[in-house]
Amino acid sequence: MRKIAVVLALLGFMVRAEAVQEVEASHQAPLQALHWCRHADGETVAQRDACPSDQTEMSSVMVSKPGGNLEYVPLDQANAPDAVPDAPSATADSPDQSKQVMKDFRTRMLKWLGFALAVAIAAKLLKRSFILWFILGFVLRAVLVAANVMAF
């Protein structure tokens, strides 16, 4: 009876820790085109309607000015080929992004291994096969992920 209580406590703790949903938006809502309009006072505001004749339509692209301020680029300059960022600056973040992807992968694999290991330990406490229940722990995790009960 004490072993069953220990197993239920382990499984209860594990499910509470692993059942947190990590929701990521997979589909973006349909978006309306925004018009970035610069008013006479110099303020740039996004709006759904087209810019009136007394306002200048700007691009949503911002550039850094020498003083450190960010400023919107006029729409005709944003379409010019020289407004495209340089390739080295665009790829400067790729090592950090690669490290983040590997960190996410390791975290997910540790969650999968931890779940399977907890199921196997619980089965071993009940005098069952460790290897069989370790494999079944992976299968159980896959079923729970597919049923959207647990986060991938």
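Let's start with two helices: the axes of helix α4 (residues 94-125) and helix α5 (residues 130-146) come within 7 Å and cross at roughly 130°. Axes here are lines fitted to C-alpha atoms, for helices over the stretch in contact, and angles run from 0 to 180 degrees between N-to-C directions. α4 and α5 are therefore oblique to each other; under 35 degrees would count as roughly parallel, over 145 as roughly antiparallel, 65 to 115 as roughly perpendicular, and the rest is oblique.

A word on what you're looking at. This is a predicted model, where local features need pLDDT of at least 70 and side-chain atom pairs count only at pLDDT 80 or more, while totals for chains, interfaces and linings use all residues. Residues are numbered from 1 along each chain as its sequence is written, and side-chain values use heavy atoms, with hydrogens and water left out.

Back to our pair. Which residues of α4 and α5 meet? On the α4 side they include Trp-112, Phe-115 and Ile-121, and on the α5 side Phe-130, Trp-133 and Leu-140 are among them. Contact means heavy atoms within 4.5 Å.

In the loop between the two helices sits Lys-127. Its phi is near 65°, a positive value in a residue other than glycine. Keep in mind that most residues other than glycine have a negative phi. Is Lys-127 buried or exposed? Lys-127 is exposed, with a relative accessible area of 65%. The cut-offs are these: buried is under 20% relative accessible area, exposed is over 50%, and partly exposed is in between, using a 1.4 Å probe and protein chains only.

Now let's zoom out. The protein chain has 5 helices and 4 strands, and from the N terminus on they run α-β-β-β-β-α-α-α-α. Helices (H or I, at least four residues) and strands (E, at least two) are DSSP runs, numbered from the N terminus. Of the 152 residues in the chain, 15% count as buried. The accessible surface comes to about 11700 Å², and 62% of that belongs to carbon and sulfur atoms; these areas come from the Shrake-Rupley method with a 1.4 Å probe.

Two strands pair if DSSP finds at least two bridges between them.

Let's walk through two pairings. Strand β1 (residues 35-38) is joined to β2 by 4 bridges, and Cys-37 stands opposite Val-45 in β2. These two strands form a hairpin with 5 residues between them, and Gly-42 in the turn has a positive phi of about 95°.

Strand β3 (residues 56-64) is likewise joined to β4 (residues 70-74) by 4 bridges. Here Met-62 stands opposite Tyr-72, and Ser-64 stands opposite Leu-70. The hairpin of β3 and β4 has 5 residues between the strands, and Gly-68 takes a positive phi near 95°.

My last stop is Glu-57, in strand β3. Glu-57 counts as partly exposed, at 31% relative accessibility. Leaving aside neighbours within four places in sequence, Glu-57 is in contact with His-35, Trp-36, Cys-51, Pro-74 and Leu-75.
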